[in-house]
Amino acid sequence: MSIIQQHTQATLSDAWRTINIDALTEDSSVNFDVSTLHPPLPEVSEADARAINGQVRQLLRGGDAEGALRGCLEMPVYNGSEAAKETHLHTVIEVLQSIKASEMTPMLQRIYAQQGGSECLDVLMKYLYKGMGATSSSADGSSGRATPARAMTPQATGFSQVGQRPMAANESTGSAMSVLLSWHEKVVEVAGLGCIGRVMTDFRRV
Amino acid sequence: MAAPEVHHLFHHPIADHSFSADRQTLAIARDTQVELYGRVGNAFKLKDELKGHDKLVTSVDIAPNTGRIVTCSQDRNALVWEPSPTGYKPTLVLLRISRAATFVRWSPSEAKFAVGSGDRVIAICYFEEENDWWVSKHLKKPIRSTITSVAWHPNSVLLAAGSTDAHARVFSAFIKGTDQRPEPSPWGERLPFNTVCGEFLNNSAGWVHAVAFSPSGDALAFAAHDSSITVVYPSAPEQPPKAVISINTQLLPFMSLFWNGETEIIAAGYDCEAFRFQGGEQGWQLAGTLEKAKAGGRPGLGGGGEDGREESALNMFKQMDLKGKVSKDDTQLKTVHQNTVTMLRPFEESGGKVTKFSSSGVDGRVVIWHT
């Protein structure tokens with residue numbers, strides 16, 4: 001018999017293909033903490049996020065919607081607890097909901113033209129996607145995440161212009177989604193497709 | 001500005017292209033082979049096929065002076081093709097890598113070349129006279145992922161590499177016996193092999209697709225998947241750089257770039273057209289596209305006719321009859337390239353400026369542009 005192994009249907013399996021060879025290589029990427037490749041990001045606590053929320057509301061009350069928007073986009077919560085991130089998402093969405101549709105594009109153009117404006121719009125895009133994720137998961141109700149619906153309804157203390165009705169969450173998520181979608185359209189108009197690409201590539205998640 | 005010269009070679013992606021020094025021969029990496037095209041009048045005709053790889057050829061480079069062609073492939077090998085009267089003779093290079101080779105470039109001295117790989121190493125290959133054999137040394141640390149592209153410094157010692165771990169790095173690839181001791185530069189003074197002279201990351205840390213040194217070698221540019229271009233000006237060895245300038249664009253990511261003098265960078269990628277960036281240490285900005293939209297269609301696209309199709313009333317009713325609606329022919333892009341541009345190379349230079357450059361892409365076209 002030949003020393004060359006005769007393959008039959010039984011011996012010729014493709015089980016070897018399922019071996020994760022990366023796990024066996026000592027210095028491969030799966031055995032390496034990729035987060036060490038990036039500089040560490042400052043940590044933001046929930047209290048800080050609430051403080052930002054307070055300041056932003058004050059600006060909103062004072063009628064400075066643009067300042068409020070810029071303010072919350074300049075201090076995104078990248079490194080923080082889920083609650084802190086959630087709080088900041090509320091802050092951003094609150095600001096977005098309080099800005100009139102006709103003011104969106106000029107405001108975005110002004111922000112984009114400023115120093116660091118491109119980054120601000122990238123951050124805004126991240127929050128838009130996060131907001132859409134939160135609203136859609138609350139709509140089907142299957143998500144186990146912490147009270148996403150709450151993200152959409154203005155808090156009782158707020159001076160938000162969105163009417164508060166005891167109606168079902170569905171309606172409010174629907175309207176919140178339409179706000180996010182119209183913002184999305186406007187942001188792409190101003191910051192281009194590059195903005196979407198950056199949100200997808202960025203390692204800093206909101 | 002003259003119209004670009006368009007060569008539609010085939011309907012297949014071009015991984016890389018390279019012109020010989022006399023610009024009469026064009027090497028194209030197509031699938032598992034390299035095709036050599038010769039210039040016949042205004043066109044390029046297939047002359048020769050270099051068959052030696054058994055997986056996709058990822059990169060090809062012709063050394064301008066010696067005429068040697070180096071190719072690398074996903075079969076983990078690199079071949080050096082030596083020109084001879086009877087055709088090109090391949091020599092296998094010992095790369096010692098266990099993943100695909102992704103990118104290869106001759107050093108300006110043409111005594112060695114660098115091969116980037118998916119094995120988290122860059123193989124620096126040089127010819128060993130006593131063994132009559134191309135051997136390699138590995139640049140390993142601190143690469144954490146696949147190398148997407150490499151670029152040589154004009155001194156043939158420093159090498160820039162872009163990686164999918166989001167870093168652009170500058171290494172010393174000094175080989176004793178092959179290289180002259182380099183002049184001190186802002187990148188470093190003493191440069192033993194595998195010295196890391198710089199490690200750069202941009203804000204959002206996307207994959208780095210392309211790297212390039214400026215003509216003087218004192219600045220480095222890289223393009224990343226976050227649609228940005230970053231230019232780094234080193235100050236002195238072991239010091240933080242003088243300036244790191246990142247330009248985020250509204251466009252899709254760039255796949256390739258090169259410097260045109262010290263104050264201009266030309267880049268192209270997923271937008272299927274080339275863009276010009278201008279600036280210096282104080283700042284850079286996008287200056288616009290190199291595509292010239294002319295009235296009555298683009299120059300050279302598909303040999304005319306296609307574009308200038310008349311929208312006659314007859315045609316309109318025919319369309320309505322056939323499809324039930326008036327359909328605009330929107331299957332063609334408004335750019336010369338009809339798909340992603342994957343490689344840009346300087347084609348003709350004079351007085352330190354690139355006067356013409358060539359591009360190749362997924363659409364099987366090679367285009368020669370005027371800057």
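**Exercise 1.** Which residues of chain B does UniProt list for "repeat: WD"?

*Solution.* The record, an unreviewed entry, gives residues 50–82 of chain B. UniProt positions follow the numbering used here, feature names are shortened, and annotations may be inferred rather than shown by experiment.

Two notes on the model. Residues are numbered from 1 along each chain as its sequence is written, and chains are lettered from A and ligands numbered from 1 in the order written. The model is predicted: local features need pLDDT of at least 70, side-chain atom pairs count only at pLDDT 80 or more, and totals for chains, interfaces and linings use all residues.

**Exercise 2.** Which residues of α2(A) are buried?

*Solution.* Buried means 20 or more other C-beta atoms within 10 Å of a residue's own; exposed means 12 or fewer; partly exposed lies in between; C-beta atoms are placed from the backbone. The buried ones are A49(A), I52(A), N53(A), V56(A), R57(A) and L60(A). They share one side of α2(A), because their arc around the axis is only 140 degrees. The arc uses directions from the helix axis to the C-beta atoms. The face turned away carries the exposed A47(A), G54(A) and R61(A).

Note on methods. Helices (H or I, at least four residues) and strands (E, at least two) are DSSP runs, numbered from the N terminus.
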